Amino acid sequence: MTYAATDFLYSTHTLSASQRPVEPNRQPLPGYAKLPAAPINGSPVPHLTSLYHFAEAGNYGSRAWPGNCGGNLIKDLLLYFRPGLVLDPMSGSGTCSDVCRELKIDCIAWDIHQGVDACDPEGFGDQAFDFIWAHPAYWRMKLYSEDPRDLSRSPTLEHFLKRYRQFIRNGAKALKPGGKFAILMGDYSDREAGYVPLVYHTKRLGFEAGLAQHCTDIIRFSHGNSSSKKVYRSSFIPGLHDVCTVFEKPLESSREL
């Protein structure tokens, strides 16, 4: 095909105002979105639905801690399930422990910063728990500690998933029959591995460990994320949520984990 010289004038001449591309709308996004009305039911926590929004983190744990999440979702889950004994094997700054202390629920917690590896094949000991809360590293999206056993230090996705599988197996084994295992996890785009669907892997590994999903996914709006304060040159669709999956250990489960 032959092109006339005039076909390429746009590349060598300044465009007139009417020819210039329209700049994207830079107006601030609305601060509020209308959510669907939830059906009235017998839930002890009526505002706990599949869409979870709390702009304030609450006075639990420390927001300065890497990857810290607010304690409100934990509180609402505990008010809903009313467990007797809770475990937080990745306790960070102690958010879950603070919530349990307020609600007067017994809680055992430890963390890699205390030298306790939640992915140890030896598991969590002989204690059985009614409820386990976990907020693992989203692989290497945010480095959590200098300990090489830390999930955020996994050099490859394959290595991360191998360790993550052991963690979920440890949790499943430590649950009482009928116990609940809530895992807050988010997907992200890795510079080398591309988009990493960690929520999918969480479910896959949970089912593999003999757990069942107890209820709807809880989509937690990510208020306070450090990324929301940054400016990026690249174009992408921002992720503004993570997902809490609540697993249950079947009452009739006799599977060797």
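Reply: A salt bridge here is a side-chain nitrogen of Lys or Arg within 4 Å of a carboxyl oxygen of Asp or Glu. By that rule, Arg140, Asp190 and Glu192 are linked in a network of salt bridges. The model is predicted.

Arg140 bridges to Asp190, with the closest N and O atoms 2.8 Å apart. The two residues lie 50 residues apart, in distant parts of the chain. Arg140 is in the loop between E4 and H3, while Asp190 is in strand E6 (residues 188-190). Arg140 is partly exposed, at a relative accessible area of 24%. Asp190 counts as buried, at 10% relative accessibility.

The whole structure holds 12 salt bridges. One of them joins the side chains of Glu102 and Lys75, at 2.7 Å from N to O. Glu102 is partly exposed, with a relative accessible area of 40%. Lys75 is partly exposed too, at 22%.

Another bridge pairs Asp217 with Lys203, the closest N and O atoms being 2.8 Å apart. Asp217 sits in the loop between strand E8 (212-213) and strand E9 (218-221). Lys203 belongs to helix H4, 14 residues away in the chain. Asp217 is partly exposed at 23%. Lys203 counts as buried, at 19% relative accessibility.

Now the core. The largest nonpolar core has 56 residues. Among those with the most contacts inside it are Leu77, Trp133, Phe167 and Cys244. Elements giving two or more residues to this core include helices H1 (72-81), H2 (95-103) and H4 (198-208). Helix H3 gives the largest share, 7 residues. Trp133 touches residues well away in sequence, including Leu73, Leu77, Cys96, Leu184 and Cys244.

Last, the cysteines. The structure holds 0 disulfides. Cys100 is in none; the nearest cysteine sulfur, that of Cys107, is 4.0 Å away. Cys100 is buried, with a relative accessible area of 1%. Cys215 is in no disulfide either, and the nearest cysteine sulfur, that of Cys244, is 7.5 Å away. Cys215 is partly exposed, at 28%.

Notes. Residues are numbered from 1 along each chain as its sequence is written. This is a predicted model: local features need pLDDT of at least 70, side-chain atom pairs count only at pLDDT 80 or more; totals for chains, interfaces and linings use all residues. Side-chain values use heavy atoms; hydrogens and water are left out. A disulfide is a pair of cysteine sulfur atoms within 2.5 Å. Buried means under 20% relative accessible area, exposed over 50%, partly exposed in between (1.4 Å probe, protein chains only). A nonpolar core is a set of buried Ala, Val, Leu, Ile, Met, Phe, Trp, Tyr and Cys residues joined through side-chain atoms within 4.5 Å. Helices (H or I, at least four residues) and strands (E, at least two) are DSSP runs, numbered from the N terminus. Contact means heavy atoms within 4.5 Å. Lists of a residue's contacts leave out its neighbours within four places in sequence.
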